[in-house]
Amino acid sequence: MLFLCINTAYFCSIKINSMIVQGNIVDIQNKRIYKGEVEVENGKITAVREINHAVENYIIPGFVDAHIHIESSMLVPSEFAKIAVVHGTVATVSDPHEIANVLGVKGVDFMIENGKKVPLKFNFGAPSCVPATSFESAGAIIDSEDIKLMLENPDIKYLAEMMNYPGVLFDEEEVLKKIQHAKNNNKPIDGHAPGLRGDDVTKYISAGISTDHECFTYDEALEKLQKGMKVIIREGSAAKNFEALIDLLPEHFENMMFCSDDKHPDDLLLGHLNELCERAVAKGIDVFKVLQAACINPVKHYNLDVGLLEQGDDADFIVVKDLRSFNVLQTYINGELVAENGKSFVKSVPFKVLNNFNTDKKEVVDFEFKSTAAKIRVIEALDGELVTNEVKADALIKYGNLVSNTENDVLKMTVVNRYKNAEPSIAFIKNFGLKEGAIASSVGHDSHNIIAVGVSDEAICKAVNLLIANKGGVCAVSASEEKIVSLPVAGIMSDKPAEEIGKAYAELDAMAKQMGSKLRAPYMSLSFMALLVIPALKLSDKGLFDGNTFKFTSLEV
């Protein structure tokens with residue numbers, strides 16, 4: 001049975017064994033565009049033919065996100081897929097690091113099995129750093145023996161980002177064992193080494209680590225490229241490095257890829273890698289080079305079972321209106337029409353909710369910090385960056401307690417252990433801009449403890465307790481309103497449909513901004529203020545941490 005399929009959703013409602021899709025074929029690897037058609041049978045491309053016709057759309061391989069934590073979308077994989085396919089994404093290279101830090105191997109298994117229930121091709125890695133450091137409390141441990149077993153699983157495609165770069169540099173036995181297990185299974189090893197330069201990055205690469213998505217300057221990325229590393233340009237909801245790195249693409253397109261790393265649900269509703277392609281082409285970069293980074297390089301580097309628009313490949317391709325806006329008209333995965341004209345045909349699937357919130361509600365006094373200090377160390381958040389600065393500020397003390405100084409935008413911040421009852425850790429942060437209330441999240445990279453910032457101890461306590469009562473979520477509280485997006489799946493993902501969570505999160509984001517925040521993504525930025533492996537100053541549930549020296553430091557100067 002043969003169908004001619006051109007811009008119609010009809011074929012999604014029935015089982016298609018054979019079809020033909022016509023358009024301008026974009027042959028990325030041979031840098032050629034020609035009128036043609038793609039013939040598909042039983043999910044495979046049986047022919048790509050040059051033939052004259054009147055169709056003006058373009059057919060290209062699907063987009064592949066080269067590094068993403070699906071959990072940061074606050075959606076389970078099946079719900080993430082529902083939205084991503086609308087934007088032409090057919091596959092992801094997914095690091096389940098976040099759920100692994102909460103639930104261990106059981107969490108990784110959940111992601112794999114849930115992802116298998118939908119067409120999008122999730123390619124999960126073995127999380128290399130669980131817990132990410134010994135300076136925070138996580139919900140699980142994945143050691144080298146666990147890594148060995150995971151990498152022997154064909155569903156695990158690579159060793160995920162080796163965040164413990166000091167462990168690599170100092171030849172820590174457990175770290176080297178994990179790397180060796182990846183080599184033994186011929187699976188790539190992802191890197192994570194922000195700012196690493198010189199002899200240190202040379203040694204890091206020589207250990208077998210092949211990529212880095214953490215470059216935040218042109219010179220850093222260039223050095224890593226010149227030393228044989230593949231650089232992934234990241235543009236997520238919080239960390240945005242596209243502008244800093246994109247000028248490297250014209251010369252180094254064979255060794256670069258695109259990723260989002262962390263994408264919040266409201267942003268995902270608007271776009272994905274299609275947006276990066278549009279921006280890159282608008283800068284005058286050759287479209288073939290852009291598409292090689294967005295579609296081809298991830299498939300080849302990670303040895304993915306994803307088609308590249310060639311005869312014999314899986315029928316994974318997209319139809320776009322033009323090669324400027326990359327407006328996605330249709331997305332096909334294994335020959336199935338999964339999205340058309342902004343409508344997704346991916347269905348929600350049932351799943352069992354896993355959770356492990358084990359802390360009791362807090363009292364206002366728990367967030368007091370008694371002090372007589374004149375100066376304090378303050379985390380300076382930088383909009384669009386994971387890195388922070390350390391600054392000094394005058395202490396504001398009331399009744400012997402360090403408190404927020406809204407006039408100078410130096411606000412109290414806390415991280416609360418969610419796995420057991422423990423005393424909250426306290427710090428201060430600049431640039432969140434809140435003038436009232438507090439915001440809080442149980443998405444707190446990497447261990448996903450509760451993290452909150454607010455104008456008063458009372459507001460912080462109220463926000464923290466709202467999350468505890470809901471066993472996870474993101475929330476905002478003011479004197480007149482409380483708003484929460486519950487995240488009962490491991491305290492980091494929703495059990496609701498993508499459309500619902502995306503809308504609810506957008507409303508919450510708007511409330512945080514109404515309360516004074518000037519950050520583009522206040523909740524995503526907040527979640528990274530506990531990310532100890534990124535300099536310079538961060539907060540864990542165990543205390544204020546200097547990411548440059550990899551040691552705890554004091555709040556009081």
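# Exercises on a predicted model

Strand 2 and strand 3 (residues 32–41) pair in the antiparallel sense over 10 bridges. Keep this pair in view for the opening exercise, and remember throughout that this is a predicted model.

## Exercise 1: Strand 2 and its partners

Task: Find out which strands pair with strand 2, and in which sense.

Solution. 

Step 1. Begin with strand 3, which runs antiparallel to strand 2 and is joined to it by 10 bridges. To place the two strands against each other, look for G23, which stands opposite G36 in strand 3.

Step 2. Now follow the chain around the turn. Four residues lie between the strands of this hairpin, and K31 takes a positive phi near 50° there.

Step 3. Turn to strand 5 (residues 58–61). Strand 2 and strand 5 run parallel and are joined by two bridges. I25 has I59 of strand 5 as its bridge partner.

Step 4. Strand 2 covers residues 18–27, and nine of its 10 residues are buried, so the strand is largely enclosed by the rest of the structure.

## Exercise 2: One face of helix 4

Task: Identify the buried residues of helix 4 and decide how they are arranged around its axis.

Solution. 

Step 1. Helix 4 spans residues 144–151, and its buried residues are S144, I147, M150 and L151.

Step 2. Look down the axis of helix 4. The buried residues fall within an arc of 115°, so they line one face of the helix.

Step 3. Ask what lies over them. The cover includes helix 3 (105–115), strand 8 (121–126), strand 9 (156–162) and helix 6 (173–184).

Step 4. Look at the start of helix 4, where a side-chain oxygen of D143 comes to within 3.1 Å of the backbone nitrogen of E145.

## Exercise 3: The setting of E235

Task: Decide whether E235 is buried or exposed, and find the polar contacts of its side chain.

Solution. 

Step 1. Locate E235 in the loop between strand 12 (230–234) and helix 9 (242–245).

Step 2. Compare its relative accessible area with the cut-off. The value for E235 is 10%, and buried means under 20%. E235 is therefore buried.

Step 3. List its contacts beyond four places away in sequence: K240, N241, F242, C259, S260, L276 and R279.

Step 4. Pick out the polar ones. A polar atom of the E235 side chain lies 3.2 Å from the backbone nitrogen of N241, and the side chains of E235 and R279 make a polar contact at 2.9 Å.

## Exercise 4: Strand 23 between two partners

Task: Name the senses in which strand 18 and strand 22 pair with strand 23.

Solution. 

Step 1. Strand 18 (residues 375–381) pairs with strand 23 in the parallel sense over two bridges. Here E380 stands opposite K430.

Step 2. Strand 22 (residues 410–416) pairs with strand 23 in the antiparallel sense over six bridges. On this side, A427 is the bridge partner of M413.

Step 3. Five of the six residues of strand 23 (residues 425–430) are buried, so this strand, too, is largely enclosed by the rest of the structure.

Conventions:
Residues numbered from 1 in each chain as written. Predicted model: local features only at pLDDT ≥ 70, side-chain atom pairs only at ≥ 80, totals over all residues. Heavy atoms only, no water. Buried < 20%, exposed > 50% of the residue type's maximum accessible area, 1.4 Å probe, protein only. Pairing = 2+ DSSP bridges. Arc of directions from axis to C-beta. Contact = heavy atoms within 4.5 Å. Polar contact = N/O pair within 3.5 Å; in protein donor to acceptor, adjacent residues only side chain to side chain.
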